[in-house]
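Colleague: Could you take me through the side-chain packing in this structure? I would like to begin with charges over rings.

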Amino acid sequence: MDDRTREYLRGRFGDYYRSVSLSLPPDANLREWGHIPWTPGSGTTMVRHQSLYDLGDVDTFFADNAPRHAYFSAARYDDPGATTMGQKGWRNADLVFDLDADHLPGVDPETTSYPEMLAACKDALVRLLDFIDDDFAFEDVTVVFSGGRGYHVHVRDESVRELDSEARREIVDYVRAIDLDSDGLIRTVSDRGTTKRVLRTEGGWGARVHDALVEYADDLREMGDEAARERLMELDGIGEGRAETIRGAFDRNPTAVREGNVEAGGPGVRRLVSALAARVAATDAAPIDEPVTTDTRRLIRLPGTLHGGSALVVTPLDRDELADFDPLRDAVPDRFVGREIRIETDADRTVELNGERVRVESGRSTVPEFAGAFLMARGEARKAPER
């Protein structure tokens, strides 16, 4: 980034911070603070090991320094400003989940557009929140658009604060369906003097697999015999004989399927359940970034600040806002709307922001400031002289 571009963005970030008042996280005085300034050259410098006392008045600090990126720690410390981690005196930490489009299965950053990446990440966020609400029943939950390619979820329930890295890794493995064992989704119950094996339908992965099994059985019953047999035989370990047995069992005893009975239909049904578990794990798991969640000393972006790689706002979201939230519209800073600037690019670009589709041709051009700031922050444009 050249000097003109860097100084322009730093100045406009400062204008933004002078127009807002940032909200601090709970226990802000117990957290470590860090930021990345607009360092000349190609490198970056992280300034960290700061306490809230070191920052002073937060709004004044941000207005004066206009950092490129700003962070606070998930952890709470006795002395957050100490210069080594060992001296800080770790108390506890929020449980933080990070979803980044770069890490989503099936998303290639080289070929997937930015709007497509954000849409895929929002879908993954919805799946993650299903786990947070239904499987864990966490209550103190904050959802934040990261300002870049994804979302952060902060869980501050007291029950999770003192979990160590290994315990947090178990949560990661559960949410990501790592080594999901279909046998572990089945329990043995007593029914009128006999025992039978049934899916754990009361919640969790068992309930998800059971829903898939019921839907699969309903679909089979609506098919003709040949089509149903062929569909079953697509699964590993199910030949023509087992396919006939499963189809017959589903037709004769639909109640058993709805009860989660995996013995009605013989061993083939258990193979079917195993195959469905693999499918459900692939579609319902939330591909969170494991190092972020397991790191009990992680720094995470401060909501309300600007992301130095996009010039978008790190936006906290109420849960009832999530469905309608469009980061390409709702995270655009108002401060950057309503004026135009001159930029120069080495290639043609298209920017979809603030409800507009801005076409930028190679060379020098005049564009809405929000589009220009976005491209400059991403390193795809430079600030040109204003005539």
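Modeller: A charge sits over a ring if NZ of Lys or CZ of Arg is within 6 Å of the ring centre and within 35 degrees of the ring normal. Please keep in mind that this is a predicted model.

Colleague: Understood. Which ring does the charged end of lysine 383 sit over?

Modeller: The charged end of lysine 383 is placed over the ring of tyrosine 8, at 5.3 Å from its centre. Lysine 88 lies over the face of tyrosine 77, with 5.7 Å to the ring centre.

Colleague: Turning to ring pairs, how many aromatic pairs are there?

Modeller: The count comes to 14 aromatic pairs. In one of them, the ring centres of tyrosine 16 and tyrosine 17 are 5.1 Å apart and the planes stand at 70 degrees, so this pair is edge-to-face.

Colleague: Are tyrosine 16 and tyrosine 17 buried or exposed?

Modeller: Tyrosine 16 has 7% relative accessibility and therefore counts as buried. Tyrosine 17, at 2%, is buried as well.

Colleague: What about tyrosine 114 and phenylalanine 374?

Modeller: Their ring centres are 5.5 Å apart and their planes meet at 40 degrees, so the pair is tilted. This pair links distant parts of the chain, 260 residues apart: tyrosine 114 belongs to helix H5 (residues 114-135) and phenylalanine 374 to helix H15 (residues 369-377). Tyrosine 114 is buried, with a relative accessible area of 11%, and phenylalanine 374 is buried at 6%.

Colleague: Which residues form an aromatic cluster?

Modeller: One cluster is made up of Phe131, Phe136, Phe138, Tyr174 and Trp205.

Colleague: On to the nonpolar core. How many residues does the largest one have?

Modeller: The largest nonpolar core has 106 residues. Those with the most contacts inside it are Phe97, Leu128, Ile132, Val153, Val155, Phe250 and Leu272. Helix H5 supplies the largest share of this core, 10 residues.

Colleague: What does valine 153 touch?

Modeller: Leaving aside residues up to four places away in sequence, the contacts of valine 153 include Leu95, Val96, Phe97, Leu125, Leu128, Leu129 and Ile132. Val141, Thr142 and Val143 are also among them.

Colleague: Finally, which residues of helix H9 are buried?

Modeller: In helix H9 (residues 225-233), the buried residues are Ala228, Arg229 and Leu232. They span an arc of only 100 degrees around the axis, so they lie on the same side of H9.

Colleague: And what covers the buried residues of H9?

Modeller: The cover includes helix H8 (204-222), helix H10 (240-252) and helix H12 (267-284).

How values were computed
Residues are numbered from 1 along each chain as its sequence is written. This is a predicted model: local features need pLDDT of at least 70, side-chain atom pairs count only at pLDDT 80 or more; totals for chains, interfaces and linings use all residues. Side-chain values use heavy atoms; hydrogens and water are left out. Rings of Phe, Tyr and Trp (its six-membered ring) pair if their centres lie within 6.5 Å; planes under 30 degrees apart count as stacked, over 60 as edge-to-face and the rest as tilted. Buried means under 20% relative accessible area, exposed over 50%, partly exposed in between (1.4 Å probe, protein chains only). Helices (H or I, at least four residues) and strands (E, at least two) are DSSP runs, numbered from the N terminus. The arc is that of the directions from the helix axis to the C-beta atoms. Contact means heavy atoms within 4.5 Å. A nonpolar core is a set of buried Ala, Val, Leu, Ile, Met, Phe, Trp, Tyr and Cys residues joined through side-chain atoms within 4.5 Å.
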